Amino acid sequence: MEERNELYPVFLKVHNLETLIVGGGKVALEKLGFLLKSSPNAKVRLVAPSFDTQVIEMASQKNLKLIHDTYHSKYLSGAHIVIATTDDPEVNIQIYKDCREKNILINVADNPPYCDFYMGGIVTKGNVKIGISTNGKSPTTAKRLRQFFEEVIPDNIDELVKNLNSYRKTIKGDFGEKVEKLNEFTKSLVSKSEK
């Protein structure tokens, strides 16, 4: 039987949530860069005994809080999302256990069994955002798919979205009728572009 990706995709308003990254090296830099590229106004704190110079530079540009210390569960206070990126597997697993105990979503970098979520590939064109997941199996494939979709999705897709939003506001009827009308309208747009 073919394996199936059972992850449920969500788009989090991380500017309203507290994100904690534990670690300050290259992996922390990668995760921080990924997060800020997608959500430039994300609220992020980082805790580590020392930080890569690029992490310090990025944090200062975005006014993020750097805490020079080793991990302690007290740093989970107020966090909604935690990303563990230390180079010590035992510390990362302890962070995972502490987060599970406090019902905080956790991602332990490069350790799928210790993740509540994955940070997949993301394509953004204006208001359109597409998340890509390989179920934690192949980040490189997610990256290649992201590159593909960045090329094939037209740059003017945001204009279409804004126009459809304006049209949606003029439609009369209940929710079901509005959805039906929008589905019919967008179906004709797709069929026109396929010709």
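A polar contact is a pair of N or O atoms within 3.5 Å; within protein, one atom must be able to donate a hydrogen and the other to accept it, and residues adjacent in sequence count only if both atoms are side-chain atoms. Helices (H or I, at least four residues) and strands (E, at least two) are DSSP runs, numbered from the N terminus. The model discussed here is predicted: local features need pLDDT of at least 70, side-chain atom pairs count only at pLDDT 80 or more, and totals for chains, interfaces and linings use all residues. Residues are numbered from 1 along each chain as its sequence is written, and side-chain values use heavy atoms, with hydrogens and water left out.

Just after α2, Asn-63 takes a positive phi of about 55°, although Asn-63 is not a glycine. Most residues other than glycine have a negative phi. Asn-63 belongs to the loop between α2 and β3 (65-68) and counts as exposed, with 71% relative accessibility. Here exposed means over 50% relative accessible area, buried under 20%, and partly exposed in between (1.4 Å probe, protein chains only).

The interior comes next. A nonpolar core is a set of buried Ala, Val, Leu, Ile, Met, Phe, Trp, Tyr and Cys residues joined through side-chain atoms within 4.5 Å. The largest such core has 18 residues, of which Ile-21, Leu-32, Val-44, Leu-46 and Leu-64 touch the most other members. Two or more residues each come from α1 (26-38), β2 (43-48), α2 (53-61) and β4 (81-84), and α1 gives the most, with five. Leu-64 is in contact (heavy atoms within 4.5 Å) with Leu-32, Leu-36, Ala-42, Val-44, Leu-46 and Ala-59, not counting residues up to four places away in sequence. A second, separate core of 16 residues includes Tyr-71, Cys-99, Ile-104 and Val-108.

A search of the whole structure finds zero of them. The cysteine sulfur closest to that of Cys-99 is in Cys-115, and the 11 Å between them is too far for a bond. Cys-99 counts as buried because its relative accessibility is 0%; Cys-115 is likewise buried, at 16%.

Asn-107 is buried, with a relative accessible area of 3%. Its side chain reaches the backbone nitrogen of Ala-109 at 3.5 Å.

Asp-110 is not a glycine, yet has a positive phi of about 60°, and it counts as exposed at 71% relative accessibility.

Strand β6 has a covered face, formed by Gly-121, Val-123 and Lys-125, and an uncovered one, formed by Ile-122 and Thr-124. Strands pair if DSSP finds at least two bridges between them; β6 and β7 (residues 128-132) do so in the antiparallel sense over five bridges. Thr-124 stands opposite Lys-129 in β7. The two strands form a hairpin with two residues between them, and Gly-126 in the turn has a positive phi of about 60°.

Notes: Disulfide = S-S within 2.5 Å.
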